[in-house]
Amino acid sequence: MLLIIAPVIVFCVFVAKELMNSFSYGLGLPVMVVAVVFTAYDLSLLFLTSGRDPGIIPRNAHPPEPEGFEGNAEVGANQTPPLRLPRVKDVVVNGITVKTKYCDTCMLYRPPRCSHCSICNNCVERFDHHCPWVGQCIGLRNYRFFYMFVFSTTLLCLYVFGFSWVYIIKIRDAEQITIWKAMAKTPASIALVVYTFIAVWFVGGLSVFHLYLMSTNQTTYENFRYRYDQRANPYNRGVVENIKEIFFTPIPASRNNFGARVPQEQGLRPRSTNGFMSPNMGRAVGDIEMGRKPVAWDEPRMAAEIGDLGGLGNLLEDKDGRFRNASPDLSRDALVVGGLDEQGSSVMNPPRTSWGVEAGR
């Protein structure tokens, strides 16, 4: 916002205000009015892009079950072997087979053109890219406003750039001096010319690039990853239809209710997975897209079970490593609670300790 508002304020104070007196019949007033109105329009598009749900797909609470599985099927003697979910699935789009991947974080098969954003940590429909300038993913529900924002910013840069030069030329003609001396008399115009000249290469280049993507019905992610110029694009329906899809089709409703209250879980309850396993279950798993440290699948369960032992508040250790409310001879190696030793391993025959000896007395 600062990169947009600050130069417009400089333009209105030092350029547009002076041009109001340079044009006859009050034609200088629209120069400032257009700058202010167009800036407000540009900022509204920025808010629509940044504050709108880009198309986040809600996460599943449990992994999906493989298709075609019968819950009562048994193999062997009273046991069902675990079935691993396939890593990818094939989906036909306009006669072309497209692979959809399983997301371990969201526990769902991503729809076509969906990808998991490593910054937002969400699966986004028609994922284009994550824009750090607007602080939001660009996807199905806000791509239209993103392009309008970038294109309007390009027009605003050209507007300020052009009228800054008009003011310089007005000074040159009014005082009959060289263009260099006229530029020296209005340093604000020179600063705006340099600033907008640099900025227009970024936003203007981005506008042209996304115009190409829209005309071919690609996303930034697909353009850099799949290279549809080397193979058929299943989503390309022609330039006119592609542009209509972006700007003239209804925006689907959000799948999320961000104003709803989050239900509070009543403790940790074991859940049945019907013998199904995630594609990565059973080995150390790290979210490849998130770059997380690999974690064993049973670590969260073990952490929860150990956390349930927190009610043993009467057995807190003192500075010497012993337990305050236990016998003086009770060491940490002798503690056995509910069949678990201190490390959480199962103990069938606990060793005889001084506590047991004194108890026998």
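In this predicted model, helix 1 (residues 2-22) packs against helix 3 (residues 143-175), with an angle of about 40° between them and their axes 10 Å apart. The crossing of helix 1 with helix 3 is left-handed.

Which residues of helix 1 make the contact? They are Ile 4, Val 8, Phe 11, Phe 14, Val 15, Glu 18, Leu 19 and Ser 22. On helix 3, the contact residues include Phe 149, Leu 156, Tyr 159, Val 160, Phe 163 and Lys 170. Sorted by kind, the residues of this contact are 13 nonpolar, 2 polar and 2 charged.

The UniProt record, an unreviewed entry, places the feature "transmembrane region" at residues 26-49, 145-168 and 188-213.

| Stretch | Helix content | Strand content | Separation of end C-alpha atoms |
|---|---|---|---|
| Residues 145-168 | 100% helix | 0% strand | 35 Å |
| Residues 188-213 | 100% helix | 0% strand | 37 Å |

The remaining topic is a loop residue. Pro 250 sits in the loop that runs between helix 7 (239-247) and strand 9 (276-277). Is Pro 250 buried or exposed? Its relative accessibility is 74%, and a residue over 50% is exposed, so Pro 250 counts as exposed. Along the chain, Pro 250 and Arg 141 are 109 residues apart, and their C-alpha atoms are separated by 9.6 Å.

Methods:
Residues are numbered from 1 along each chain as its sequence is written. This is a predicted model: local features need pLDDT of at least 70, side-chain atom pairs count only at pLDDT 80 or more; totals for chains, interfaces and linings use all residues. Side-chain values use heavy atoms; hydrogens and water are left out. Helices (H or I, at least four residues) and strands (E, at least two) are DSSP runs, numbered from the N terminus. Buried means under 20% relative accessible area, exposed over 50%, partly exposed in between (1.4 Å probe, protein chains only). UniProt positions are given in the numbering used here, feature names are shortened, and annotations may be inferred rather than shown by experiment. Axes are lines fitted to C-alpha atoms, for helices over the stretch in contact, and angles run from 0 to 180 degrees between N-to-C directions. A crossing is left-handed if the near helix is turned anticlockwise from the far one by less than a right angle, and right-handed if clockwise. Contact means heavy atoms within 4.5 Å. Ala, Val, Leu, Ile, Met, Phe, Trp, Tyr, Cys and Pro count as nonpolar, Asp, Glu, Lys and Arg as charged, and the others, Gly among them, as polar.
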